[in-house]
Amino acid sequence: MSGTPSIVELLERLARVEARIVELERDNAELRRENAVLRRENAVLRAENSDLRARLGQDSSNSSRPPSSDGLAKPAPKSLRERSGRRPGGQPGHEGRTLRQVADPHERIEHEPAGCGGCGEGLAAAPVTGVAVRQVFDLPEIAVRVIEHRIVSRRCRCGRVTAGRVPDGVDAPVQYGPRATAAAVYLQQALFGAQARTARAMTDLFGVPMSAGAVAAAHAR
């Protein structure tokens, strides 16, 4: 009958189905192997996670770790001092550190009224009736200063070439000065030895490009 597949066509279809089945079985076996690997890795990660959680919960009070290992998370110490009955903070008669106006500021800026608030008349020749003073304490703009030392060499008539004397401490083509080095060491101590954060602070605060390695070298010196 027309339209009925021949035996040859049926055999070809069967061969393709069998090949597809073999391919699927191979893929299934591969997925099973990958799944087994992922299960093992998951078990390892779970164990590591459990161990890390246990370590994070440990301190000198519930383990054999020394108190110095507690870092910023160490329990708040209990004060052994007896209560004095005095109020907390500065005591009467104690010289405080409250911000106060100074008699000789670095700069004075006068703000004149543009005109009378009533009639709008100009006040350039009007008498002064009072001056209110407000002072702002701020840091000056801080920027790194690059000092270039040019060592000049000159040839004498006798043929001898003599170079200028380099200041003490200037011994590299590019280096940090003593103030930048001191600031880096100070910040490193204030930041509990964090070299990378110290390097970022030097860049952000002073515009001094500095690496963590440079901070470590400055601390070593």
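The model is predicted, so local features are given only at pLDDT of at least 70 and side-chain atom pairs only at pLDDT 80 or more, whereas totals for chains, interfaces and linings use all residues. Residues are numbered from 1 along each chain as its sequence is written, and side-chain values use heavy atoms, with hydrogens and water left out.

The protein chain has four helices and two strands. Both kinds of element are DSSP runs, numbered from the N terminus: helices are runs of H or I with at least four residues, and strands are runs of E with at least two. Read from the N terminus on, the order of the elements is α-β-β-α-α-α. Of the 221 residues in the protein chain, 8% are buried; a residue is called buried under 20% relative accessible area, exposed over 50%, and partly exposed in between, with a 1.4 Å probe and protein chains only. Contacts, defined by heavy atoms within 4.5 Å, were also examined by sequence separation. Among those between residues at least 6 apart in sequence, 33% join residues at least 24 apart.

The accessible surface of the protein chain comes to about 20800 Å², and carbon and sulfur atoms account for 55% of this area. Accessible areas come from the Shrake-Rupley method with a 1.4 Å probe, and for residues only the protein chains shown count as cover. On this surface, a nonpolar patch is formed by Ile7, Leu11 and Leu14, which together have about 320 Å² of accessible area. Patches are made of residues with over 30% relative accessible area and no salt bridge; like charges are joined within 9 Å, and nonpolar side chains (Val, Leu, Ile, Met, Phe, Trp, Tyr) within 5 Å. Leucine 14 is found in helix α1, which spans residues 7-56. This leucine is classed as partly exposed because its relative accessible area is 45%.

Side chains of opposite charge can pair when their charged atoms come close. The structure holds three salt bridges, each defined as a side-chain nitrogen of Lys or Arg within 4 Å of a carboxyl oxygen of Asp or Glu. One of them joins arginine 20 to glutamate 23, with the closest N and O atoms 3.3 Å apart. Both residues lie in helix α1, three residues apart, or about one turn of the helix. Arginine 20 is partly exposed at 43% relative accessible area, and glutamate 23 is partly exposed at 33%.

Helix α1 also contains glutamate 30 and arginine 33, again three residues apart and about one turn of the helix. Their side chains meet in a salt bridge with an N to O distance of 2.4 Å. Glutamate 30 is partly exposed, with a relative accessible area of 35%, as is arginine 33, with 47%. A further salt bridge links arginine 150 with glutamate 148, the closest N and O atoms being 3.0 Å apart. Arginine 150 is exposed because its relative accessible area is 67%, and glutamate 148 is exposed with a value of 60%.

Threonine 181 lies in helix α2, which covers residues 178-190. This threonine counts as buried because its relative accessible area is 16%. The side chain of threonine 181 reaches the backbone oxygen of glycine 177 at 2.9 Å. Not counting residues up to four places away in sequence, threonine 181 touches Tyr176, Ala218 and Arg221.

Conventions
A polar contact is a pair of N or O atoms within 3.5 Å; within protein, one must be able to donate a hydrogen and the other to accept it, and residues adjacent in sequence count only if both atoms are side-chain atoms.
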